[in-house]
Amino acid sequence: MTMEKKCFIAGVPDAGKTTYIAALWDIIKRGGNNLELQFTTSPENSSYLNEIWEYWVSMNKIERSKTPVPDDIKINVKRKSDGEELELDIPDFMGEQFQKIIDHTLPENIKQWIEQSDRMVYLINKLDDVSKDDLEEDDPEEVDIDRTEERQKAPRLAPEKMLEASQNMMVLKYIASHSKMQKIAIGLSAWDLKMTENLTPEEFLQQRSPVLYNFIKWHFNDVVFFGVSAQGFDYKDKSEKEAEMKDKARKSCRAFIAFDKEKELSPDLTKPFNYLIS
Ligand SMILES: Nc1nc2c(ncn2[C@@H]2O[C@H](COP(=O)(O)OP(=O)(O)OP(=O)(O)O)[C@@H](O)[C@H]2O)c(=O)[nH]1
Ligand SMILES: [Mg+2]
């Protein structure tokens, strides 16, 4: 019997997780026939997915959900060519939850979710652009932590103030050592803003954030890089592009993905799972 393969989606705040899940849900709802993967079961409770999808179709920034975010969104996928299966377990945790890895306050349910998975899509949006504002301290509140007697108080760790690359490395290091990750896919989100003429997503990360890139290659031996534009464009250009994008959405080609060596763009957002399923 083959072991079940379990995959999650992770990333720090603003990594693009919710937008990617919303765009995936659009594909699943349309039941695209020309995809290599097939969705064999849909989640029982789809009201959250429909809520984020509403923002996606109307091209509005996704607000924090009004319906509670379910902690058990499971979608089974199967590859048509060889019947290989993968369970997507994507509760869409907010990025703040992953930051809790950094200050050791990660809730038990997320610990278990990580331990039980052997595949992941990890999204990265912001890359180390350090602005002076980011570094300015507002009075850090002190916290009680169990240390030596003479130094009971420590400044709060404030993971949200750390550089993106540092946050990503700490989160990835935790995942590498607390799960049995066999294959991972690193996605650079908002690819519409990042793509340049001749850099693959992997080359882009290597150039823009070499330390993070090396860290990933060191800790994970089976990793693929992709760029994804789950929105298809930047919403600040909505007034000029709305009609064109609505038309593309009708044809299921608004969102796009650039995979590893292929520089051409594909509308098939399920491609990372096709890689992870093997
Ligand atoms: N230009 C562009 N921006 C994007 C794209 N996808 C996401 N964004 C922007 O990136 C920001 C974060 O997107 P979310 O999908 O909310 O990110 P998240 O990882 O769910 O964030 P948290 O829930 O806070 O952890 C938003 O401002 C989006 O508008 C894209 O394809 N293109
Ligand atoms: Mg989100």
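Asp14 counts as exposed because its relative accessibility is 53%, where exposed means over 50% relative accessible area, buried means under 20%, and partly exposed lies in between, with a 1.4 Å probe and protein chains only. This is a predicted model, in which local features need pLDDT of at least 70 and side-chain atom pairs count only at pLDDT 80 or more, while totals for chains, interfaces and linings use all residues. Residues are numbered from 1 along each chain as its sequence is written, chains are lettered from A and ligands numbered from 1 in the order in which they are written, and side-chain values use heavy atoms, with hydrogens and water left out.

**Backbone angles**

- Asp14 is placed in the loop between β1 (6–10) and α1, where helices (H or I, at least four residues) and strands (E, at least two) are DSSP runs numbered from the N terminus.
- Although Asp14 is not a glycine, it has a positive phi of about 70°.
- Most residues other than glycine have a negative phi.
- His104, another residue that is not glycine, has a positive phi near 60°, and His104 is found in the loop between α3 (95–99) and α4 (108–115).
- His104 counts as exposed because its relative accessible area is 72%.

- Ligand 1 takes up the space of the largest pocket, and a pocket is defined on a 1 Å grid over the protein atoms alone as an open set of points where a 1.4 Å probe fits, with protein on both sides within 12 Å along at least five of seven lines.

**Polar contacts of ligand 1**

- A polar contact is a pair of N or O atoms within 3.5 Å; within protein, one must be able to donate a hydrogen and the other to accept it, and residues adjacent in sequence count only if both atoms are side-chain atoms.
- A polar backbone atom of Gly95 is 2.5 Å from an oxygen atom of ligand 1, and a backbone N or O atom of Gly16 lies 2.9 Å from an oxygen atom of ligand 1.
- From Asn125, a polar side-chain atom lies 3.5 Å from an oxygen atom of ligand 1.
- On its own, ligand 1 has 650 Å² of accessible area, of which the protein covers 89%, as found by the Shrake-Rupley method with a 1.4 Å probe.

**Buried residues**

- Ser266, in the loop between β10 (256–259) and α11 (271–276), counts as buried because its relative accessibility is 11%.
- The side chain of Ser266 reaches the backbone nitrogen of Asp268 at 3.0 Å.
- Glu87 belongs to strand β4 (residues 85–89) and is buried, with a relative accessible area of 8%.
- Glu87 and Asn76 are 11 residues apart along the chain, and their C-alpha atoms are separated by 4.6 Å.
- Trp25 is in helix α1 and counts as buried at 6% relative accessibility.

Methods:
1 Å grid on protein atoms, 1.4 Å probe; cavity = no way out; pocket = protein on both sides within 12 Å on 5 of 7 lines; lining within 4 Å. Sits in = over half its atoms within 2 Å of the grid points.
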